[in-house]
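Subject: Structure handover

Hello,

Here is the structure I said I would pass on. My notes on it follow below.

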Amino acid sequence: MADSVPAAAGRLAPYVAVVRARIRAQRSYRTSFRIDLLGSAAIGVIEFGEVWIVVHSVGTLGGLNVRAILLLFGLSNLAFASGNLIAGHLDQIPTYIRAGTLDTFYLRPQPLLAQLLISDFQLRRLARMTAATTVLVVGFGLNDIVWDVRTVAVITMAVTFGTAIFAGLFVCAAGLQFYLINGAELTNAFTYGGAYAAGQPASVFTRPLTLFFGYLVPVVFTGYLPTVAILRLDSPPGLPSWLVWCTPLAALWVWAVALLLWRLGVRHYQGGGG
Amino acid sequence: MSEPEPDAPAIDIAGLTRTFGVRRPLRRRGAEPARQVVAVDDLTFRVERGESVGYIGANGAGKSTTIKMITGILVPTSGIVRTVGLDPVRQRRRLAYRIGVVFGQRTQLWWDLPLRESFEILAAIHRLDPAVATRRTSELVERLEMASTLHTPVRQLSLGQRMRAEIAAALLHSPELLILDEPTIGLDVLSKLRLREFLIAERAEHGTTLLLTTHDMGDIERLCDRILMVDHGALVYDGSLPGLVRTVGARRVLVVDLATPAGTLPTFPGVEHLGSQGGGIRHRLAFDAETTTAAALLTAVAEHVTVLDLAIEEPAIEDVVRRIYQAGG
């Protein structure tokens, strides 16, 4: 990636060095690394099994059949797994604060959030992405999908901006944790809870839940809305089908809130008000 | 204000104050308002480039809070800090290229990787030219005698080895200002000596400004031309070490172990017999460093009894601080 854009590569060099170091460190504990990988993959499989059993016994859930659920689960889980890879360790902020790691980051010439994002790149999270991708590919195979530009656009949007939405939610949670030193339980409701909600058809939600996950913590953009758009199904009240084209806006919204909460959190830590 | 002058002082602090709100446990809603604790209280001082300053005080006196404001980790409640001419909070990233900091209790190394890799990563983080990085790393490795530990994972280093590595890591990008928070805490005598020798040589060659917090009088004696002492967040002394000892009249203590027990020792002028232990084997004699030397006192004692072993106790910093505080009011 480097040679054609040396300036950009130069800017990225500090980050590349840290991420490569993290990868080397994890590979040096081979057994533990393999167990981690297996564990992560198992969690993905179990979560999918849970949804599968429910849908299999009722036939359809919220207007989606088992095959459609595969698609929904694959999309939302891939977005979550990628977001988790980028930012999932941010819920460790209270630990970083206690151990003084955060102070060390202040002494380095990169932006604080960027340093934190790359500080704990965990390869085992790739296993979760692999599991999600497998489900997604199977979902592609089992459904009648019209492979036109529109479908490809929806899928691309769902995966990239879905990743951004989940990564942004982790940043929101991290910003809040500057205030709530033991607030991981609360913020997990938004991150991991959001991921769980994203794996469900939004059509089964009550009206307040639809609004909550549709507009406030917009995880329906990562799974349900694109699934409905790909399969050209009718969308439930409160979530018009054109909404899927607003996925970039949903990601933008999450990141606007995320950066605001992060800024407030950091200022609180430094004691500069806010 | 934003453009640094090249000859700005290393540290310039004026009216610096930092308070912390301490929340009490909630019994009833809104029962008690948050209490304010003043950690740093209207501090004003300036450290010129090339100086070597010991920043001392008892635990909780406000040393760490000051350092966190100098390095941009904490925002002052009021007052001004300029570090190498920069505003540490607003210009934190530019400042990071120009200062090196070691917090004694924290690490900036990658604990699960060989030490060598930490230096490589830090070189990339500070965007050092590869040739410069290689030259600087080998210089530090040689001077701090780390060649044998370079391939050891950081988690397996001894405390002394790790502290040397931390200091090398802070100096890798050749900072103008080096801030060390308790660098010798927990180190054995030999490690302390080596570290001090290294710091003296490093400063002689590169002119690095040094700000050092410590509880070890030996660090100050060997490394610092100037002492700043804080107590309850306020500056109570600014001057040299002999001046400080003179101000507080801090005494050194000569401890002698005798060949045969002696109930009492003759009295020497200006020396106080603090007591004896072991049935008259060990005696403790306090003397004023201004009027007597340890050698003179020992000679005087040896004229009367046979001395087998001896030790000299330096005034503890906490002691000195307490005396200053009592003297001041």
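I start with one pair of strands in chain B. S8(B) and S9(B) run antiparallel to each other and are joined over five bridges. Within that pairing, B:Ile227 stands opposite B:Gly239 of S9(B). The two strands form a hairpin with two residues between them, and there B:His232 has a positive phi near 45°. Please keep in mind that this is a predicted model.

The sheet around the hairpin

S8(B) and S9(B) belong to an open sheet of six strands in chain B, ordered S5-S6-S7-S3-S8-S9, and the pairing in this sheet is mixed. Its edges are strand S5 (99-103) and strand S9 (234-239) of chain B, each of which pairs on one side only. Direction ignored, neighbouring strands of the sheet are turned by 15° against each other on average. Helix H5 (residues 159-171) of chain B packs on this sheet, where it touches S5 and strand S6 (177-181) of chain B. The direction of that helix makes about 160° with that of S5(B).

Strand S3 (residues 52-56) and strand S8 (residues 226-231) of chain B pair in the parallel sense, over four bridges. In this pair, B:Val53 is opposite B:Arg226 of S8(B).

The other sheet in chain B

Chain B also has an open sheet of three strands in the order S2-S1-S4, with antiparallel pairing. Strand S2 (35-47) and strand S4 (78-83) of chain B are the edge strands, and each pairs on one side only. Strand S1 (residues 11-22) of chain B pairs with S4(B) in the antiparallel sense over five bridges. One of the residues involved is B:Asp12, whose bridge partner in S4(B) is B:Arg82.

Chain B as a whole

The secondary structure of chain B amounts to 10 helices and 13 strands. Chain B has 329 residues, and 39% of them count as buried. Its C-alpha trace spans about 65 × 60 × 45 Å along the principal axes. Taking the contacts in chain B between residues at least 6 apart in sequence, 70% join residues at least 24 apart.

A helix in chain A

Helix H12 (residues 247-270) of chain A has 24 residues. From first C-alpha to last, H12(A) reaches 34 Å, close to the 34 Å expected at 1.5 Å a residue. Its buried residues include A:Ala250, A:Val254, A:Ala258, A:Leu261, A:Trp262, A:Gly265 and A:Tyr269. An α-helix has 3.6 residues a turn, so residues three or four places apart point the same way. The buried residues of H12(A) pack against helix H6 (112-119) and helix H8 (149-177) of chain A. Just after H12(A), A:Gly271 takes a positive phi of about 80°.

Where the chains meet

How many residues of chain A are in contact with chain B? The count is 19 residues of chain A, in contact with 25 residues of chain B. Helix H1 (6-27) and helix H5 (101-106) of chain A each supply at least two residues of the side that touches chain B. H1(A) gives the most to that side, with seven residues. By class, the side of chain A that touches chain B has nine nonpolar, seven polar and three charged residues.

Regards

Key:
Residues are numbered from 1 along each chain as its sequence is written. Chains are lettered from A and ligands numbered from 1 in the order in which they are written. This is a predicted model: local features need pLDDT of at least 70, side-chain atom pairs count only at pLDDT 80 or more; totals for chains, interfaces and linings use all residues. Two residues are in contact if their C-beta atoms, placed from the backbone, lie within 7 Å. Ala, Val, Leu, Ile, Met, Phe, Trp, Tyr, Cys and Pro count as nonpolar, Asp, Glu, Lys and Arg as charged, and the others, Gly among them, as polar. Two strands pair if DSSP finds at least two bridges between them. Axes are lines fitted to C-alpha atoms, for helices over the stretch in contact, and angles run from 0 to 180 degrees between N-to-C directions. A residue is buried if 20 or more other C-beta atoms lie within 10 Å of its own, exposed if 12 or fewer, and partly exposed in between; C-beta atoms are placed from the backbone. The expected span of a helix is 1.5 Å times one less than its number of residues.
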